[in-house]
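Here are my notes for you, in numbered points. Keep the model open while you read and look up each residue as it comes along.

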Amino acid sequence: MPSQGLSLHVATLLTGLLECLGFAGVLFGWASLVFVFKTEHYFEDLCEPSTGLMSNATGHDDCKAQDERFSLIFTLASFMNNFMTLPTGYIFDRFKTTVARLIAIFLYTSGTLIIAFISAASASLLFLAMPMLTVGGVLFLITNLQIGNLFGKHRSTIITLYNGAYDSSSAVFLVIKLLYEQGISLRASFIFLSLCGAWHAGRTFLLMPRGHIPYPLPPSYSYGLCSGDRAVEKEQRAESRKLDLPSKELLSPKEETPGAAGLEERRSFRSCVFSRRFAWHLVWLSVIQLWHYLFIGTLNSLLTNLAGGDRALVSSYTNAFAITQFFGVLCAPWNGLLMDRLRQKYQKESRKTGSSASAAALSSAVPSLTLTSLLCVGFALCASVPVLPLQYATFILQVISRSFLYGGNAAFLTLAFPAEHFGKLYGLVMTLSAIVSLLQFPIFTLIKGPLQNNPFYVNVMLVLSSLLTFVHPFLVYRECRQEATPATTA
C-alpha cells in the first residue's frame, strides 16, 4: 500500500512537471512566435514603404506599426499573467482543484484553437487568444504547486522546480518555430496543443485531488479517481480549513521558518500593505519585471534592427534566446538553496547570541534580493549596448535574473510578513506590478516614434531606475540590524 501511494505521488509529480514545462508559461517564448507570425504576414498591412535612405538601401518597409501591434498583444497578455494571479488564486481557494483545472483547460484549449484557425486577415483575435492561453497557464501552475505538499521535507525544492519549469516552458514556442521551418504548419502545432486538453483532463481526474492537498499530509491520505474514501476527503477538508489560504502554502517555499509570524502575528493586513517594507518590495519587483517584459516583448524588433533586417540572423538569435530560456528550470532552485542555507546559518547564530529569530530569517533574503538586482543591472546594461553578439550574454543574464526574481519575491513575502497575510499580499503585489508592466507599450511607442528607433535615452533611464532596486535590500538589511541590536546589547 505504501509503495502504491509513493508511485501515485511520483506519477503526479512527474506529470505535473511535464505540464508546467510544456504548457504553463509559453507566453514568454513570444519572440519565437512573432517570427512565425511575421512570416505568415500577420499585421503586414500596417507596414508602409519607407522613404529613408537606409531603408531604400536595404529594401525593407517601415513596419513600426506592425511591431507596435505585436508589442501591444504581449503587453496585454503579460499584464493578465500577473493581474489574474489574485482572481485565479481565489478561484482555486474557493472552488478547489478540479473546478480550477477545468477552467484552465477550457481557457487554454480555446486559446490554442483560436490561434490554430486564425489567419493574417483575422490576426486581431490574438488579443483574445494570448490572454486566454496565459490565464490558463497560470491556473495550471497554481494547481500543480500543491504537489510539493506530498513530499514533506522536499516541498520547497519541488515548488521551486515547478516555478523553474514554468519559466522554461517558453521554449515550446521555439519548438513550434523550428517545426514551422521544417514544413509543419502553425495550425497543426496548435491543434496538437489543443488536443492535449484530453491529457490535462485525464490528469485532473486520475492524478489530482478534488480539493486541496493538505500540509502537513495526514496519514493514509489518498486522492484521484480511485479514492472513494469519504472519511479521508473530510479529513482533507478539515486540514485545509486550518490554513488561511491554500496559495499561502503553495506559493510559499517556507517550511519550518517562523519568519515574521512570531513577532508580527498581530499586524493587520492594512498595516502590512502601507508599510515601507512592502512599498519598496513592490518597487523592486515592478522595475525588474518591467525590464524583463519590455525585453521579451520587443526582442524581435531589437534583433531585426541590430541584424539590419537579415531574417536568417534574426532567426538564429531568436533560437538562441529561446534555448537559454529552457535552462530556467535549472537556475530557479539555486536561489531557494541560497536562502535556505543562509537562513539556517543566521538562525543558529541568533540562538547563540539571543537575537531575534525572525530578523535572522529575514536577513537570509538580503543576499538574494541584492543578487537579483545585480543580475538585472547586468542584463540591462548588456541589453542597452547595440552590439549583436553581446546579446548572447544578455540572454544568459536575463534567464538567471528572471528565475531568481519570482522565487525571491514569494520567499521574501513569507519571511517579511505574517503568514496569514501571505496569499493576499502575494496577489496584491503581483496585481500592482502588473499595472506597472503596462508601461512597456508606451515606452516601445516612444522609441519607435519620437525617438526614431533610438532607445539610448530610454535605456539610460531604465538602467538608472534599476539602480533603485538596491535600496530595497539595503533597507531590509538595516531593519534586521536594528532588530538584532537591542537583543545583543541587552
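1. Start with phenylalanine 190. Leaving aside neighbours within four places in sequence, phenylalanine 190 is in contact (heavy atoms within 4.5 Å) with Leu33, Thr112, Ile115, Ala116, Phe173 and Ile176. Keep in mind that this is a predicted model, where local features need pLDDT of at least 70 and side-chain atom pairs count only at pLDDT 80 or more, while totals for chains, interfaces and linings use all residues. Residues are numbered from 1 along each chain as its sequence is written, and side-chain values use heavy atoms, with hydrogens and water left out.

2. Helices here are DSSP runs of H or I with at least four residues, numbered from the N terminus.

3. How many disulfides does a search of the whole structure find? Just one turns up (a disulfide being a pair of cysteine sulfur atoms within 2.5 Å). This disulfide joins cysteine 47 to cysteine 63, S to S 2.0 Å. The pair links distant parts of the chain, 16 residues apart: cysteine 47 lies in the loop between helix 2 (30–39) and helix 3 (53–58), and cysteine 63 in the loop between helix 3 and helix 4 (64–83). With 120 degrees about the S-S bond, the link is right-handed.

4. Is cysteine 47 buried or exposed? Cysteine 47 counts as buried because its relative accessibility is 15%; buried means under 20% relative accessible area, exposed over 50% and partly exposed in between, with a 1.4 Å probe and protein chains only. Cysteine 480 is also buried, at 4%.

5. Phenylalanine 43, in the loop between helix 2 and helix 3, has a phi near 60 degrees, a positive value in a residue other than glycine. Phenylalanine 43 is buried, at 4%. Lysine 96 sits in helix 5 (residues 85–117) and has a positive phi as well, near 70 degrees, but lysine 96 is partly exposed, at 28%.

How values were computed
Helix = DSSP H or I, 4+ residues; strand = E, 2+ residues; numbered from the N terminus.
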